[in-house]
Every structure is written in C-alpha cells, then in structure tokens.
Amino acid sequence: MSLRRAYLLIFIILLIDQVSKIYIKTNFVLGEEVEVFKWFKILFIENEGMAWGTKIPGEYGKLILTVFRIFAVFGIGYWLYDSIKKHSSTYLVVAISLILAGAAGNIIDSVFYGVIFDDSYNNLATLFAPEHYGTWFHGKVVDMLYFPIWEGYLPTWLPVWGGQQFKFFNAIFNFADMAISTGVGILIVFNKKAFNKH
C-alpha cells in the first residue's frame with residue numbers, strides 16, 4: 001500500500017470523525033439521547049480522560065495526557081512511514097493508518113475543542129464561540145455511539161458476578177475510537193499476515 005493511499009484513508013476517517021463530532025456538539029445538549037434502534041443509540045457525552053473516562057489525577061493530568069497522545073501520534077506516524085518504506089504487508093499499513101487516524105481524531109478534540117466551542121451543558125454548543133468552555137490542550141473528547149445490545153441479570157451460578165445486573169455493552173465511543181479498535185483488532189487477528197517478513 002502506498003503512502004498516498006494511507007494518507008487518503010487517514011483523511012477520510014478524520015473527516016468522518018470530526019464532522020460527526022461537530023454535528024453532535026452543535027445539535028445535541030450534553031446527555032441527550034436518540035434511539036436509532038433498540039440496540040443502538042446516539043448518546044452525547046464528553047470524556048475528559050481516556051477509555052471509560054479514566055483520568056490522570058492532578059492539576060496537570062489532562063495536559064500530560066494530551067501531550068503524551070501527541071508524542072504517540074508522531075511515533076505511530078513514523079511507524080507508518082517506515083512500514084511503507086519497507087514494503088510491509090497491507091494488513092499492517094491499514095492497521096497503523098486506522099490507529100493513527102483515530103489517535104489524531106481524539107487529539108483534535110483535546111487540543112482545540114476547549115477554545116472553539118462554548119459549553120454543552122443545558123444548551124447547544126456554538127462552533128467558534130466568543131466564550132469558550134476551556135483552554136488549549138484541555139478540550140473534552142466527544143463520544144456518541146452507544147450499543148446497549150443486552151441488559152439483564154447474570155445467572156446466579158456464575159462465580160463472582162452471579163445474580164448481578166449486567167449490560168453488554170456499556171461503552172460510549174466515537175468514530176476515532178472505532179478506528180483505533182479496528183486497527184488493533186487487525187493486528188491481533190491477522191498477526192501473522194500483518195508482520196509477514198516477505
């Protein structure tokens with residue numbers, strides 16, 4: 001796969017990711033939910049941290065996370081360039097491109113959204129608002145894809161979790177997260193093809 005095609009794939013994913021996030025941010029109030037199907041909902045939340053809202057504690061936690069993500073994207077970018085230069089497998093190049101696009105998509109939120117949007121709490125956010133909700137490198141990542149496929153009580157014979165309420169699956173994510181997960185999935189499932197030396 002050529003570098004040009006990899007860039008095109010990254011650009012398409014970034015475009016879908018950012019258009020969807022800006023649409024949700026400017027058309028949904030924080031916490032608003034729309035049921036598409038019983039098992040698929042659009043639910044607008046904002047994430048200040050990592051997966052499942054995990055945060056680095058302390059005053060500079062968000063800044064540390066954002067800076068780390070930026071360095072990680074440069075590292076992944078070099079990995080992509082090096083893999084294409086070495087004529088690595090298409091599986092590997094596609095996987096790296098997906099991971100890079102997803103990471104870059106969430107970095108855009110973290111770096112810029114705090115200074116180009118106003119607050120989404122109890123009102124629709126405005127793009128390029130005069131009064132913004134945060135500062136550079138302290139933006140919140142927009143999540144909206146929610147798939148509550150099954151909810152109920154686990155069988156009582158199960159050890160530890162038996163009889164407890166369970167929802168599959170309770171994560172709320174965005175297209176950037178989906179790209180990262182798909183890329184990692186390709187590396188795991190097609191490991192031998194992705195890292196084939198020939």
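What follows is a short chat about a predicted model and some of its helices, strands and salt bridges.

Q: Before we start, what kind of model is this, and how are residues numbered?
A: It is a predicted model, where local features need pLDDT of at least 70, side-chain atom pairs count only at pLDDT 80 or more, and totals for chains, interfaces and linings use all residues. Residues are numbered from 1 along each chain as its sequence is written, and side-chain values use heavy atoms, with hydrogens and water left out.

Q: Great. How many salt bridges are there?
A: The count comes to six, taking a salt bridge as a side-chain nitrogen of Lys or Arg within 4 Å of a carboxyl oxygen of Asp or Glu.

Q: Which residues are linked in a network of them?
A: Asp-17, Lys-21 and Asp-109. The closest N and O atoms are 2.9 Å apart for Lys-21 with Asp-17, and 3.2 Å apart for Lys-21 with Asp-109. Lys-21 lies in helix α1 and Asp-109 in helix α3, so that pair ties together parts 88 residues apart in sequence. Helices here are DSSP runs of H or I with at least four residues, strands are E runs of at least two, and both are numbered from the N terminus.

Q: And how far apart in helix α1 are Lys-21 and Asp-17?
A: They are four residues apart, which means about one helical turn between them.

Q: Is Lys-21 buried or exposed?
A: Lys-21 is buried, at 0% relative accessibility. Asp-17 is buried too, at 1%, and so is Asp-109, at 0%. Buried means under 20% relative accessible area, exposed over 50%, and partly exposed in between (1.4 Å probe, protein chains only).

Q: Nice. What does Lys-86 form a salt bridge with?
A: With Asp-82, the closest N and O atoms being 3.0 Å apart. Lys-86 is exposed at 58%, while Asp-82 is buried at 19%.

Q: Asp-82 is one of the buried residues in α2. What do those pack against?
A: They pack against α1 (3-27), β2 (40-47), α3 (90-116) and β3 (141-146). Contact means heavy atoms within 4.5 Å. Among the buried residues of α2 are Leu-65, Val-73, Ile-76 and Leu-80.

Q: How many residues does α2 have, and what should they span?
A: Helix α2 has 25 residues (61-85), which should span 36 Å at 1.5 Å a residue, and its end C-alpha atoms are 36 Å apart, in agreement. The expected span is 1.5 Å times one less than the number of residues. His-87 follows α2 and has a positive phi, near 55°.

Q: Switching to the sheet: what's the strand order?
A: Four strands form an open sheet in the order β1-β2-β3-β6, with antiparallel pairing. β1 and β6 (172-173) stand at the edges, each with a single partner strand, so one side of each has no neighbour in the sheet. Two strands pair if DSSP finds at least two bridges between them.

Q: How many bridges join β3 to β6?
A: Two bridges join them. Leu-145 stands opposite Phe-173 in β6.

Q: Last topic, α3. What does Tyr-91 touch?
A: Leaving out residues up to four places away in sequence, Tyr-91 touches Ile-186, Phe-190, Lys-193 and Ala-194. Tyr-91 lies in helix α3 and is partly exposed, at 33%.
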